[in-house]
Every structure is written in C-alpha cells, then in structure tokens.
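Let's take a friendly walk through this structure, starting with a contact between charged side chains and moving on to the ligands. Keep the 3D view open as you read.

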Amino acid sequence: MADFMVFAETRGGNLRTVALETVSAARQAADASGGGTVHALVCGAAGVAGAAEALAAHGADQVHVVEHPQLAHYNAESVAATAAALIQSTGARAALFSASVEGRDLAPRVAAKLGVGLAADVTAFEVHADHVTATHPVYTGKAVATLRLVGTPAVLSIRPGAQPAVEHAGKGEVSSLAPALDPAAARVVVTEVGARGAAKLDLGEAPVVVAGGRGLRAAEHFSLMEDLAAAFGNAAVGATRAVTDDGWRDPADQIGQTGRLVSPDLYVAVGISGAVQHLAGMRTSRVIVAINRDKDAPIFKVADYGIVGDLFEIVPRLIEEIRARKAAG
Amino acid sequence: MKIAVCLKRVPDTEMRFAIAADGKSVDTVGLKFEISTFDEYAVEAALQLNEAHAPGEVAVVGLGPDGLGEHLRKALAMGADRAIHLAAETVPYDALAIARSLAGALKEQGFDLILFGRNATDTGSGAVGPMVAELLGLPCVTAVSHLEISGATGTARRELEGATATITFPLPAVLTIDEGIARPRIAGLKGIMAAKKKPMEVRPAELGAEVLSIDRLALPPERQAGRIVGEGADAVPELVRLLHDEAKAL
Ligand SMILES: Cc1cc2nc3c(=O)[nH]c(=O)nc-3n(C[C@H](O)[C@H](O)[C@H](O)COP(=O)(O)OP(=O)(O)OC[C@H]3O[C@@H](n4cnc5c(N)ncnc54)[C@H](O)[C@@H]3O)c2cc1C
Ligand SMILES: Nc1ncnc2c1ncn2[C@@H]1O[C@H](COP(=O)(O)O)[C@@H](O)[C@H]1O
C-alpha cells in the first residue's frame, strides 16, 4: 500500500485539467499498490474549496484546502513550504505535481526542501518497494529514459496530457489546512496574471493544433490559420520560431525545442520546413499533416499525410472541406 | 551588479546519436557538444544587464568533464569575466546532486543574481535552478521571458499556459531564463583573444550521493514515413477523407 500527495493546480480559483490528470495518476498508482490513500492539496483565495468535489470525483480521498487572500495568485514560497510539510505529515510514499509551468517551478523546490530526488516531466511511473521507475523523454525527445528514483518520498512531475483524467471516486473528505509559511511573508510576488487572447484554447490542451511557418509570408496571412482553426472548432494556432522572431505571432505561440511542447491528436503544419528544433516540440502528435510546396521539405519525413503545393490555394480549400465535413456531422 | 550564470555542456541537439553499449547512455563517439540553449540565453541576459548596470561582473560556472572548458571559454569570449569549472568525469543525472555541488560553489560570493537555463536540453527537467535557490535560501523565479532590474528589485514576466504572469522579487535572487529574453551574441575575434587571458578556476566538483539515475535509455519508435496524398488543392478532399476514415482524426 502506498499513499500519495498530489498538488492540484488552479488558475483564477478554478482547477486546471492537469490537476485532474495528476490526481487520476495518483489514484491509479495507489490502487495498483493495493489501495493507498490519495491526499490532494489545493491552495487559493476564499472559495477554492469548491475544487474539492472534482478532485474527489477523480480519486482524492483527503482534500486539504488552504485558503488565504494572498494565495489568489501562485505563491511559490508559501505553497512549496505547505506541500513539503503535508508530504511529511501524511508520510506519503510519493508526491505528484503536474509538469506545467507552475508545477515545474514547485516540484524541485519541494524535493530540495525534503532532500529527496525529483523525476521531472514523466509520462509514466511505477512505485516499487524500494524505488520508483519513471519514463521521461530526454535529449529534446530524441531518446526516452527509464529513471530510477530511490528514497522516500519520491517526487515526480507528470507531463500534461500523458495521463488521462479519469472519473473514479475517492473518499473525498475535505479539511482546511493552515499554510506552513505565511503567504504575506513571501518575497516573490505575482502582481498580475493577464489572459492572452480572448478565451482561446491553450496550445497544450487543444485536440487539434494548426501551425504556420515562414511560408505564410506575412502576419496578416495568419488569418488563414485562424480560419482553419475555427473550421476545426477545437484547434489552437501555433507557429515556428521564424514566425515569432519576425513578430508575426506572439512568442508564446512558438512550438519547438525553445517553445511549447505539444502532442495533440492532430497537428497540421502549414508552410513549415520541419527543422529539428521545431520537430522537438510536436513529433509525438498522434497524426501529423504537412502542407508545403517543397516536396523535399523534412516535415514530410514525420508527416502521416502530406500535400505538396501552394498553401494559399490548399488551405482555403481545406477550410471549405472541413466545414462541409463538420456540417454533415 | 555581480551575476553568476550556470552553464551545462550538452550534446548538440542537431546531431543524430546512438545509444551506447551500456544501454543507459549516449554513444559519445563522434558526438559534438555545445552550451545548452537556454544557458546561452542566460549568458546573454547577464551580459546585457551588466552593460546596463555597470560596473559589475559576470561569472560562468559549470560542472562537467574536461571538454566543458572550451564552452566556458566561449562564454568568456562572449564577454563574461571569469569562469569556475567544477571538474567531474561524468555528470550525474540527479539534479539534486548537481544543485548541491553548484550551490556549494556559489554560496557566500555576493552574487546579486544567479541565472540558469529554463531547462537543460539533455535532461529537459528544469530542476537544478530552483533546487539551488532552495539550498541557498534565495528567492527564485523560473521561466523568465522578460526581465527588468531597478535597484534591489526585479520585475519578471513568465508565460503560463495561455496567460502571462508579472512577478516582482528582491535581489539577490535565482532566475531561470526562457525563450524571449535574449538571443546570444556571437563572440568576435577580439573577444576570443581576450578570453584566453581571463581567469578560469578548476576544482573538483565534490559530488555527493545520487538518488536518481538512468536505468535504461532507448530511441523512441521512429515515425512511419508518411504518404504524399497529392499535389495542390485538388488533393484536399482525399486528405479530408483519409483524416476521417483512416486516421479517425476528425
Ligand atoms: C537554438 C535554436 C532553437 C530553436 N528553437 C526553435 C523552436 O523552438 N521552434 C521552431 O519552430 N524553430 C526553432 N528554431 C529555428 C529552426 O531552426 C528553424 O529555423 C525554424 O523552425 C524555421 O521555421 P519555418 O519552418 O517557419 O521557416 P523555413 O525553414 O523558412 O520554412 C518555410 C517553409 O515554407 C515553405 N513554403 C514557402 N512558401 C510556401 C507556400 N506558398 N506554400 C507552401 N509552402 C511554402 C517552404 O518550402 C519552407 O519549407 C531554433 C533554432 C535554434 C538555433
Ligand atoms: N552540470 C551542470 N553545470 C552547470 N550548470 C548546470 C548543470 N546542470 C544543470 N545546470 C543548470 O541548470 C539548468 C537546468 O538544468 P536541468 O534541471 O537539468 O534542466 C541548466 O539550464 C543549467 O543552467
């Protein structure tokens, strides 16, 4: 039997999908170990306790809620101290974080506080009596490592999207917890969190990603990509570094080794050559489509389906056909 | 301002490589190495800060084998003032072991800022920076894409998924540097000549116990070479049919 502590990430008081994925991963591992307890920690301003229900539905047995006005935004120092204290007081065998921007910030702090190892950004893991094994893509996705983590507790961060969120009710007992470090005493303060764009789907969560490269030739031609995304209905628009460097798109839209890592169900690469640094961010997508006028472009080597030709003729037709297909149901 | 930048020597990300006979490391025969991408951004960020807030010092610190020396020297050629080489024949995978060694070398040296890459391109972990911050008891901001320093206070921006956070922090602090902040300069001949005379201190890394290691390393399954559906807009209906019927992606 192994007990787990899960940090459940919120934004603006709402649970993020990654929180449900991570608590599901803990539930599964606890059950596999013969039925351990899953503790979830959720921190935020007043009202964040409302997250407990969804956490319980995805497998949390004990939801520990910290509410404080200065936890409205991510408060790394206070949350790390509270997480470390909770891991110790529960005697958890392993602590799970999401390998999101926030979870990647938090997990190493907690591991260092506890003086234990961290396996970061893992896609799968197994808990054994004296060690934990974890799978983690390394060398910008060009190799996959099986890591071995000894010592208790083991700290892991789980790659977003790698573990599905599964409904599987836990006991769902809720209790409130005092922060282990006064949030008002934190030295690092988040003063503002601004949403980017108008409630668009995030690149990391969109089932379909349509990405544009230098082949689009100008910022205004990205309206074509927006239209393509709209035709799919569940798509986000990404870009190459050539595009973000030229200021055609926000740097946050960049996909690749130095940008976002995405692994959608469908990735449509438009006017993208397929440089290794770009492939590093999207090669694990389930289905890849490439549209490029150069039949020798490297992107075709990773694409499942390709069309050779002028994107300015192909994409408008694709938008039409997708719309027709969606309309037909 | 006194700034330290931690640099890792990693295999060139453009190279193809093979798994070594031990099944847990990369075959280094013929492998080229480079400074990890984000670490090079961090060097550039440090140099720019130093130019804006002179006088000051930029020290580069690395833990690794002999071959690391040339990469530290490269950072000196870009404009860093001195280098510390923590010598170790092999670099452990364990971030905490690396962090403890680096923290030992960085403590009590009066650095106003200690910079790291967002993550090393070999591990992809992003763990060493925040761990060093914890070990040294310093405030820490990770994945910084924009930075301003004014007196003893810094303002940083970081990209969250679908949002941007603005963060203030006091100096001294630890930061990890993301894309967006600076593109590394190319060292000129003058810089390369000057670097030869800059101090490089070499001492043992003093690595402790490791709790994390690689059991097995494998190449991911190759993607099946795809299929060209056709040329031009006329190929679109067939593509959509395949996406729907064959790939089940619509
Ligand atoms: C350290 C480092 C980190 C990097 N990180 C990243 C990263 O994170 N993400 C990233 O994307 N890149 C990154 N790069 C850059 C990368 O090496 C490439 O330069 C970049 O991905 C190229 O972008 P592109 O495909 O849009 O442009 P190009 O390589 O110029 O390709 C444009 C393509 O469009 C096609 N095309 C042109 N016109 C048309 C048309 N009318 N119809 C159809 N096709 C057309 C061309 O045939 C060509 O294949 C990095 C580079 C370095 C050195
Ligand atoms: N061996 C090393 N020597 C110097 N700096 C390192 C070393 N390993 C990691 N770092 C620093 O820590 C950052 C994060 O590494 P990682 O946690 O492995 O992703 C890197 O970008 C470097 O700035």
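Predicted model: local features only at pLDDT ≥ 70, side-chain atom pairs only at ≥ 80, totals over all residues.

A second salt bridge to look for is the one between B:Arg183 and A:Asp245, where the closest N and O atoms are 3.0 Å apart. How many salt bridges are there between chain A and chain B? The count is nine. Over all chains, a search of the whole structure finds 36 salt bridges.

## The interface of chains A and B

Here is the wider setting. In chain A, 82 residues are in contact with 82 residues of chain B. Between them, the two chains bury about 7000 Å², and 54% of that area is on carbon and sulfur atoms.

Polar contacts are also found here: 46 residue pairs make them across the interface of chain A and chain B, counting pairs with both residues at pLDDT 80 or more. As for the kinds of residue involved, the side of chain A that touches chain B has 39 nonpolar, 18 polar and 25 charged residues.

## Strands that pair between chains

## Ligand 1

Which chains supply the residues around ligand 1? Residues from chains A and B surround ligand 1, so the site is shared between chains. Of the 26 residues around this ligand, the nearest are A:Arg214, A:Thr240, A:Thr258, A:Ser273 and A:Asn292.

An N or O atom in the side chain of A:Thr258 is 2.8 Å from a nitrogen atom of ligand 1. A polar side-chain atom of A:Asp310 lies 2.9 Å from a nitrogen atom of the ligand. From the backbone, a polar atom of A:Gly259 is 3.4 Å from an oxygen atom of ligand 1.

## Ligand 2

Around ligand 2 there are 19 residues, of which B:Cys6, B:Asp39, B:Thr123, B:Gly126 and B:Ala127 come nearest. The side chain of B:Thr123 has an N or O atom 2.6 Å from an oxygen atom of ligand 2.

Backbone atoms take part as well. A backbone N or O atom of B:Gly126 is 2.7 Å from an oxygen atom of the ligand, and a polar backbone atom of B:Leu63 is 2.8 Å from a nitrogen atom of ligand 2.

Notes. Residues numbered from 1 in each chain as written. Chains lettered and ligands numbered in written order. Heavy atoms only, no water. Contact = heavy atoms within 4.5 Å. Buried area = accessible area lost by both parts, 1.4 Å probe. Salt bridge = Lys/Arg side-chain N within 4 Å of Asp/Glu carboxyl O. Polar contact = N/O pair within 3.5 Å; in protein donor to acceptor, adjacent residues only side chain to side chain. Nonpolar A, V, L, I, M, F, W, Y, C, P; charged D, E, K, R; others polar. Near = heavy atom within 4 Å.
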